Amino acid sequence: MQLTGLIDKLNIYKTEDELNHLTISNIEQDSRKVRDNTLFVCIKGAQVDGHHFIADAEANGACAIVAENYVETNLPVIYVPSTTKALAILADQFYGSPSQRLNIIGITGTNGKTTTTYLLDDIFKEFGHKTAIIGTIDMKIGNQTYPLNNTTPDSLFLHKHLNLMNEENVDTVIMEASSHALHQGRVHGVQFDTVVFTNLTQDHLDYHLNMNDYAYAKSLLFSQLGNDYTDNKIAVINADDHYSEVMSNASAFPYIPYGLADDAFIKATNLDLQADASTFVIETPKEAIHVESKLTGKFNVYNILAAVSVAYHYQIPKEQIQTALRKIGGVPGRLEKVEIGQNFTVIVDYAHTPDSLENVLQTLNEIKENRIITVVGCGGDRDRSKRPKMADAAIKYSQLSLFTSDNPRTEDPKNILKDMTGHLKGDEFKVIIDRQEAIKEAIWSAQKGDIILIAGKGHETYQEVNGEKRHFDDREVAKQFIEERQKES
Ligand SMILES: CC(=O)N[C@H]1[C@@H](OP(=O)(O)OP(=O)(O)OC[C@H]2O[C@@H](n3ccc(=O)[nH]c3=O)[C@H](O)[C@@H]2O)O[C@H](CO)[C@@H](O)[C@@H]1O[C@H](C)C(=O)N[C@@H](C)C(=O)N[C@H](CCC(=O)O)C(=O)O
Ligand SMILES: Nc1ncnc2c1ncn2[C@@H]1O[C@H](COP(=O)(O)OP(=O)(O)OP(=O)(O)O)[C@@H](O)[C@H]1O
Ligand SMILES: N[C@H](CCC[C@H](N)C(=O)O)C(=O)O
Ligand SMILES: [Mg+2]
């Protein structure tokens, strides 16, 4: 592709050299991935500054550079005010603006994004669409899955793969938009058609300055919807959440408020939430939809409400919504049971924030027959202030809490556990640094009818220690110790 045609779209730029003769076959923001005829874009990161890797990029075959600071190089340089914005525009242009040809649903909020993504995926599939998912668990294009490093990948990856989705005849993309991604402009240039807000509670205060700053980052998804009323775009917002107005105010478009309150535009009523199933009615302005789902807990009613509100906007017939919801057995690592005939319940869940842990434990508390044993830890190099709150949530609802490690990353797990438990007194908890040992202890101490909640890692198949990811899967470990106990008895 001719470089001049591509950079025309950047609007503001200053070049150091003649670019007319240059054609590029690739764009990269990582010097290690550069090959011949690559346009290298220097991004200032949290760890390092891409401007320092120009020599590396040149050695690997870069033919031109996009930079926001002055750089010494023999290659032609295109200077822009923001390389992050430039990268998104370049990627969108290079891949032929793939998002314009796709129906893109973006979901943000602290909890419930992945679950809502899965619900919508099944509903759209039931309605005959070919879908793709981008989120925490992985990326799915039709039946093909691809691992992801981030819940929301960077703009280059996104536009490249949206293009692939076009080629694979996908029509609907359902993607999570994390606050980090929104703040770092990873979704710039993605033409969202529908955006969804699930909820906002404490998380990521290591990265965002405070809750307002965090809410602002989330609201960027709503401002990114644009301003053109002739488009049939919509925001779908949890009206019961304290931050709903921040989100609705950020968008010039109409929005669909959903919730449990009487005056919600789309509301759930007649809730009957059992241990293994939920039934309730969703009232839309058009009709009442009787929902039967295997998903449990009030928080999942909210996730289903979000998904049904989107389906309402797309005029998906209620029969298809009902069928899809009835079929969904669960989302990997979200309230996932490990069942091999033991007389107690073992549940693996991805609750890794105070609110999600509280919600899950509240749900378990309502259905418990005997005790609740919770195994939980907090991630290293992440929001320290959520640690004591997560421990409090565990203590509040559990008869035994086993505090342990969850991806300590570069931190000493002992210090993380001190942050979690330093303020606690009493003997209803134990600190067991080794997660495998903590799970073992939980399983060996379980009595008939107990519920063991193993929280924080959900679908994850690793434990990250000092930059190294070692294989670790709560579900496998739990199964191993249940079997061991079964053999001994
Ligand atoms: C703090 C943070 O968000 N970091 C993200 C950020 O990386 P960074 O700013 O550290 O990048 P960097 O390593 O400093 O590199 C800067 C630039 O130099 C380039 N470079 C670097 C080295 C080199 O040899 N050559 C080179 O060119 C890099 O390619 C990059 O362009 O940009 C990268 C690319 O987009 C992300 O992968 C990375 O996510 C890291 C891995 C991460 O852990 N992020 C978490 C906090 C995160 O984003 N989580 C959210 C989900 C949260 C939730 O919802 O719960 C997510 O969306 O995943
Ligand atoms: N609507 C909700 N409100 C509160 N907690 C929820 C909700 N939905 C799910 N949870 C809890 O939060 C955990 C994570 O859910 P899910 O993966 O759907 O959220 P997410 O927003 O994608 O999280 P992440 O930010 O890690 O990607 C679940 O395992 C469950 O414990
Ligand atoms: N997306 C979240 C995942 C947290 C999962 C938990 N297991 C942890 O490592 O803290 C984060 O990066 O903060
Ligand atoms: Mg997620």
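**Labels and their grounds**

Guide: The shell around ligand 1 holds five nonpolar, 11 polar and four charged residues. The model is predicted: local features need pLDDT of at least 70 and side-chain atom pairs 80 or more, while totals for chains, interfaces and linings use all residues. Residues are numbered from 1 along each chain as written, and chains are lettered from A and ligands numbered from 1 in written order.

Visitor: Which residues come nearest to ligand 1, and what puts a residue in the shell?

Guide: Asp30, Gly45, Gln47, Asn150 and Ser178 come nearest, out of 20 residues around ligand 1. The test is a C-beta atom, placed from the backbone, within 6 Å of the molecule. As for class, Ala, Val, Leu, Ile, Met, Phe, Trp, Tyr, Cys and Pro count as nonpolar, Asp, Glu, Lys and Arg as charged, and the others, Gly among them, as polar.

Visitor: Where does Ser178 lie?

Guide: Ser178 is in the loop between strand E10 (172-176) and helix H6 (179-183). Helices (H or I, at least four residues) and strands (E, at least two) are DSSP runs numbered from the N terminus.

Visitor: Which residues does UniProt annotate as "binding site"?

Guide: The unreviewed UniProt entry gives Ser31, Asn150, Thr151, Thr152, Ser178, Gln184 and Arg186. These residues span 156 residues of sequence and are spread in space too, with C-alpha atoms up to 25.2 Å apart. UniProt positions follow the numbering used here, and annotations may be inferred rather than shown by experiment.

Visitor: What surrounds ligand 3?

Guide: Thr151, His352, Gly379, Arg382, Asp406, Asn407, Gly456, Lys457 and Glu460 do. No nonpolar residue is in this shell; five are polar and four charged.

**Helix pairs**

Visitor: What describes two packed helices?

Guide: The angle between their axes and the distance between those axes. Axes are lines fitted to C-alpha atoms, for helices over the stretch in contact, and angles run from 0 to 180 degrees between N-to-C directions.

Visitor: What makes H4 oblique to H10?

Guide: The axes of H4 (residues 113-126) and H10 (residues 318-327) cross at roughly 130° and come within 9 Å. That angle makes H4 oblique to H10. Under 35 degrees is roughly parallel, over 145 roughly antiparallel, 65 to 115 roughly perpendicular, and the rest oblique.

Visitor: Which residues meet between H4 and H10?

Guide: From H4, Asp122, Ile123 and Glu126; from H10, Gln320, Ile321, Thr323, Ala324 and Lys327. Three are nonpolar, two polar and three charged. Contact requires C-beta atoms, placed from the backbone, within 7 Å.

Visitor: Why are H4 and H9 called oblique?

Guide: Their axes come within 9 Å and cross at roughly 45°. H4 and H9 are therefore oblique to each other. Thr115, Thr116, Leu119, Leu120 and Ile123 of H4 meet Asn300, Asn303, Ile304, Ala306, Ala307, Val310 and Ala311 of H9. This contact has eight nonpolar, four polar and no charged residues.

Visitor: Why are H11 and H12 called roughly parallel?

Guide: The axes of H11 (residues 354-367) and H12 (residues 386-397) cross at roughly 5° and come within 9 Å. H11 and H12 are therefore roughly parallel. Among the residues that meet are Leu357 and Leu361 in H11, and Met390 and Ala393 in H12. The contact of H11 with H12 divides into seven nonpolar, two polar and three charged residues.

Methods:
Two residues are in contact if their C-beta atoms, placed from the backbone, lie within 7 Å.
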